[in-house]
Amino acid sequence: MLTIGTTVLGVNDVARATAFWCDALGYIPREDGDETWVVLVPQKGDGARLALMLSETPVQSHPRLHLDLYADDQAAEVERLVKLGATRVDWDSYPDDPDFIVLEDPDGNRFCVVDAAA
């Protein structure tokens with residue numbers, strides 16, 4: 001049997017990405033990382049692990065894989081993430097009545113903030 005252990009996200013600057021994703025998710029490094037790799041875990045309780053890996057691959061404007069972050073207060077979370085350094089994306093593939101907002105992290109990796117209250 002297989003289980004998903006960690007989602008790995010390629011980034012240009014591991015230290016900058018670590019700061020953003022730790023603040024965004026309330027995570028901490030599992031152990032000391034370096035300029036090429038770090039694994040982030042929830043500060044409290046269980047949850048998905050997120051690893052950040054140095055990558056020279058260009059960011060895709062329509063990534064095949066992305067994170068969906070669920071929010072009870074979508075507007076407040078989007079605003080908080082933007083203040084942390086995320087950028088709003090002018091997404092060309094929104095459905096007519098989306099329950100998600102597309103953002104990108106400081107490295108340009110796109111992710112969605114989904115309205116969990118909807």
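**View 1. The second largest pocket of the predicted model.** In this predicted model, the second largest pocket has a volume of about 250 Å³. Its lining is made up of 13 residues, and those nearest the pocket centre are Thr 7, Ala 48, Arg 49, Leu 50 and Leu 67. Strand E4 (49-54) and strand E5 are the elements that each give two or more residues to this lining, and E5 provides the largest share, with three residues. Sorted by class, the lining of the second largest pocket holds eight nonpolar, three polar and two charged residues.

**View 2. The largest pocket.** A volume of about 430 Å³ is found for the largest pocket. Of the 21 residues that line the largest pocket, Leu 9, Gly 10, Pro 63, Leu 65 and Asn 109 lie nearest its centre. Strand E1 (6-11) and strand E8 each contribute at least two residues to this lining; the largest share, five residues, belongs to E1. The lining of the largest pocket comprises 10 nonpolar, eight polar and three charged residues.

View 3. Four strands form an open sheet in the order E5-E8-E7-E6, and their pairing is mixed. Strand E5 (67-71) and strand E6 (87-88) are the edge strands, each pairing on one side only. Helix H2 (residues 74-84) packs on this sheet and touches E5, E6, E7 and E8. The direction of H2 makes about 155 degrees with that of E8.

**View 4. The pairing of strands E7 and E8.** Strand E7 (residues 100-104) pairs with strand E8 (residues 110-115) in the antiparallel sense, over five bridges. Phe 100 has Val 114 in E8 as its bridge partner.

Technical notes
Residues numbered from 1 in each chain as written. Predicted model: local features only at pLDDT ≥ 70, side-chain atom pairs only at ≥ 80, totals over all residues. Heavy atoms only, no water. Pairing = 2+ DSSP bridges. Contact = heavy atoms within 4.5 Å. Axes fitted to C-alpha atoms, helices over the stretch in contact; angles between N-to-C directions. 1 Å grid on protein atoms, 1.4 Å probe; cavity = no way out; pocket = protein on both sides within 12 Å on 5 of 7 lines; lining within 4 Å. Points joined across faces, edges and corners; volume = space filled by probe spheres on them. Nonpolar A, V, L, I, M, F, W, Y, C, P; charged D, E, K, R; others polar.
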